[in-house]
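I opened the model to look up its charged pairs, its nonpolar core and its surface, and I kept these notes in the order of the searches.

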Amino acid sequence: MKMYFLKFSSKKSAKNKLIQLLDSINTELFSYWENELVICYLSLKEDSKTDSFFGSVKPNTKDMLIKIQGMAWDLFHLRCAHEHMAERNNYSKRIFLHSFSSEDKGLNSIIRLNPIKRIAFDGKDVYTHHRYTIFNMCPEVDVYTILNEYTHHRNKMCKETNYQELSKKLEFELLHLSSR
């Protein structure tokens, strides 16, 4: 929702919208997910490869929030698939590599935007290395410094934030913006 709010609320460059999104990660969302940030940045850049996934939402789209919730679920599913692989591999001498398959063309296009180059399992932990990072996608922004100074604050606030209330606030902001 925050990405769409930034996308619809100004004519600023993708770089400036990324900086706003990073600021929001530090002061409002308190959660940093690298692959999702890369994908959001591509959408903020108006990269046509993101259209099949993000393109169905415009400022006055009917059922906008339902569509965004579906996209959030898809991104969450992709994130959790790695964790499920790690958990399953932890309890067996066999190695299970789940495949990502779907008939959802938008979801498949998102997976292809930033494919996994390497994956490692250590007990229940999983480490993925994607082709792109926000650091190499947007080298003109000092992402490391922006995020690093708020690491402790994000970790603390992530545990204290009521994400249902935050979601309602973001929904209200987005709907208010789209009704203008």
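For the charged pairs I took a salt bridge to be a side-chain nitrogen of Lys or Arg within 4 Å of a carboxyl oxygen of Asp or Glu. By this rule I count seven salt bridges.

Before going further I noted that this is a predicted model, in which local features need pLDDT of at least 70 and side-chain atom pairs count only at pLDDT 80 or more, while totals for chains, interfaces and linings use all residues. Residues are numbered from 1 along each chain as its sequence is written, and side-chain values use heavy atoms, with hydrogens and water left out.

**Confidence.** I read pLDDT as the predictor's confidence in each residue, from 0 to 100. The protein chain has a mean pLDDT of 88, and 92% of its residues reach 70 or more. Helices (H or I, at least four residues) and strands (E, at least two) are DSSP runs, numbered from the N terminus.

**Salt bridges.** I looked up Glu28 and found it in a salt bridge with Lys2, with the closest N and O atoms 3.0 Å apart. Glu28 lies in helix α2 and Lys2 in helix α1 (residues 2-9), so this pair ties together parts that are 26 residues apart in sequence. I call a residue buried under 20% relative accessible area, exposed over 50% and partly exposed in between, with a 1.4 Å probe and protein chains only; both Glu28 and Lys2 are buried.

I then found Arg79 in a salt bridge with Glu36, the closest N and O atoms being 2.7 Å apart. Because Arg79 lies in helix α5 and Glu36 in helix α3, the pair ties together parts that are 43 residues apart in sequence. Arg79 counts as partly exposed at 24% relative accessibility, whereas Glu36 counts as buried at 12%. I also noted that salt bridges with shared partners join Lys2, Glu28, Lys169 and Glu173 into one network.

**Core.** For a nonpolar core I used a set of buried Ala, Val, Leu, Ile, Met, Phe, Trp, Tyr and Cys residues joined through side-chain atoms within 4.5 Å. The largest has 37 residues, and those with the most contacts inside it are Tyr4, Leu18, Leu22, Phe54 and Ile110. Helix α3 (residues 34-44) gives the most to this core, with seven residues. I checked the cover of α3 and found ten of its eleven residues buried, among them Leu37, Ile39 and Tyr41.

With contact meaning heavy atoms within 4.5 Å, and leaving aside neighbours within four places in sequence, Leu22 is in contact with Leu37, Val141, Val143, Ile146 and Leu147. On the same terms Asn26 touches Ile146, Leu147, Tyr150, His153 and Arg154; Asn26 is in helix α2 (residues 14-29) and counts as buried at 1% relative accessibility.

**Surface.** Which residues form a nonpolar patch on the surface? I found Trp33, Trp73 and Phe76, with about 350 Å² of accessible area together. Patches are made of residues with over 30% relative accessible area and no salt bridge, like charges being joined within 9 Å and nonpolar side chains (Val, Leu, Ile, Met, Phe, Trp, Tyr) within 5 Å; accessible areas come from the Shrake-Rupley method with a 1.4 Å probe, and for residues only the protein chains shown count as cover.

Trp73 is in helix α5 (residues 64-90) and counts as exposed at 57% relative accessibility. Trp33 lies in the loop between α2 and α3 and is partly exposed, with a relative accessible area of 33%. Leaving aside neighbours within four places in sequence, I find Trp33 in contact with Phe76 and Arg79.
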